Amino acid sequence: MSGSRRVTLKPGDTIGILGGGQLGRMLALAAARLGLRCQVFSPDPDSPAFDVVQNATCAEYADVEALELFVADVDVVTYEFENIPAATAMVLAARRPVLPDYRILETVQDRLVEKNFVSGLGIGTATYVDVASAQALREAIKIIGLPAVIKTIRFGYDGKGQAIIREGDDPGQVWDDLGTRSAIVEAFVPFEREISVIAARGADGGVECFDVTENEHRDHILKYSRVPAVIPDTLAAQARDIAKKIATALDYVGVLTVEMFVVPSADGLTLLVNEIAPRVHNSGHWTLDGASVSQFEQHIRAVAGWPLGKPVRHGSAVMTNLIGDDILDYEKWLTVPGASVHIYGKGPPRAGRKMGHVTEVKQSK
Ligand code: AMP
């Protein structure tokens, strides 16, 4: 069976999800609402997504035998995180369609390839230079200036694998502390705000974007998302166009997130793309309670080969992440009028661990 054949699932069919975190859990819940089953594959026996599906595979991503058994049970495969090993995806794609196409991971798993791809589309990014040694870092700083941000090329998230370099810092020490062989150095962007666009693209090439979301981080971790973002309508339209252009250039099927900086400039406000996430995203969690169709449902519809929803927002929404011990306040949140509480079922809280979220929707626009 070809990995690239067109998929059209029927209610009762099964979607295989790689990754068992909260995103996989919320995808499986959205699928269930549409009468679709999910089978989750994750190496972590405590995966929160296991709790909401009947069939789960707990095995390493390199376990070919387990992958073969898993893929035989599903009609299409998708994933909830971007660091899927290419070899894993290839084993699966030989048997069933993998959506979004796993070859896009080559672009988005590597910050340098991703930045080159985005700027190749004529879309703005922070100025960047790739570096592979402390000496190269010194040279890069001469080009980029300070402050600058250094990021490992692979496996960075929630501020991990990155550091700000300021005047007076020793580049040799920064390089050693990062402990990597390849990184990019970016100009520090004096952004006014951070926004994201959650875009869904169907197999027919149609794209539906949610309204632009504004994101506030604490200690490099998303704390609040607010929608609509407080930006001019023309800029919001530009942001959606950027996401659409990226999704189309990748021939993407599913939900994709584009994080951007809003930067004041002589010509007004401009947008710079920071990162692409080939998946549903924390900044889109408000859509579960704040829109007629959620980001999770859009992703499930897209990979099922079903028509995308046309999302209608119910009002202005604020999503608050419950991080670490914040979850201990869940009883307080349960009594807040209008608050929708989501608890991921992760067991003991740890500092920096996303344990749940709350969305408050106000009907005013
Ligand atoms: P990232 O891992 O690229 O998503 O970065 C995490 C966070 O670090 C972003 O959401 C920003 O708040 C901040 N950040 C990343 N890159 C830059 C930059 N070039 N200039 C300023 N802040 C940045």
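**Exercise 1. Find how the radius of gyration of the chain agrees with that of a compact globule of 365 residues.**

Solution. Begin with the rule, in which the radius of gyration is taken over C-alpha atoms and the globule value is 2.2 Å times the number of residues to the power 0.38. For 365 residues a compact globule would have a radius of gyration near 21 Å, and because the chain has 20 Å, the two agree. Next take the box that the C-alpha atoms fill along the principal axes, which is roughly 60 × 50 × 40 Å.

The model is predicted, so that local features need pLDDT of at least 70 and side-chain atom pairs count only at pLDDT 80 or more, while totals for chains, interfaces and linings use all residues. Residues are numbered from 1 along each chain as its sequence is written, and side-chain values use heavy atoms, with hydrogens and water left out.

**Exercise 2. State which domains the chain is assigned and how many helices and strands it has.**

Solution. The assignment, whose bounds come from an automatic or database domain assignment, gives domain 1 (3-108), domain 2 (127-187) and domain 3 (193-363). Between the C-alpha centres of domain 2 and domain 3 there are 28 Å. The chain holds eleven helices and 17 strands, where helices (H or I, at least four residues) and strands (E, at least two) are DSSP runs numbered from the N terminus.

**Exercise 3. Describe how helix α1 packs on helix α10.**

Solution. Two packed helices are described by the angle between their axes and the distance between the axes. Here the axes of α1 (residues 22-33) and α10 (residues 295-304) come within 8 Å and cross at roughly 70°; axes are lines fitted to C-alpha atoms, for helices over the stretch in contact, and angles run from 0 to 180 degrees between N-to-C directions. That makes α1 roughly perpendicular to α10, since angles under 35 degrees count as roughly parallel, over 145 as roughly antiparallel, 65 to 115 as roughly perpendicular and the rest as oblique. The crossing of α1 past α10 is right-handed, a crossing being right-handed if the near helix is turned clockwise from the far one by less than a right angle, and left-handed if anticlockwise.

The contact (heavy atoms within 4.5 Å) is made by Leu23, Met26, Leu27, Ala30, Ala31 and Arg33 of α1 with Phe296, Glu297, His299 and Ile300 of α10. These residues divide into seven nonpolar, one polar and two charged, where Ala, Val, Leu, Ile, Met, Phe, Trp, Tyr, Cys and Pro count as nonpolar, Asp, Glu, Lys and Arg as charged, and the others, Gly among them, as polar.

**Exercise 4. Work through the packing of α6 with α7 in the same way.**

Solution. The axes of helix α6 (residues 134-144) and helix α7 (residues 171-178) come within 9 Å and cross at roughly 125°, and α6 is therefore oblique to α7. Their crossing is right-handed. On α6 the contact involves Ala134, Leu137, Arg138 and Ile141, and on α7 it involves Pro171, Gly172, Val174 and Trp175, a set of six nonpolar, one polar and one charged.

**Exercise 5. Locate the cis peptide bonds that join Leu99 to Pro100 and Leu146 to Pro147, and the positive phi of Asp219.**

Solution. Most residues other than glycine have a negative phi, and most peptide bonds are trans. Leu99 and Pro100 are joined by a cis peptide bond with omega about -5°, and Pro100 is found in the loop between α3 and α4 (105-108). Leu146 and Pro147 are likewise joined by a cis bond, with omega about 0°, and Pro147 sits in the loop between α6 and β6 (148-152). Finally, Asp219, although not a glycine, has a positive phi of about 50°; its place is in the loop between β11 (213-218) and β12 (221-227).
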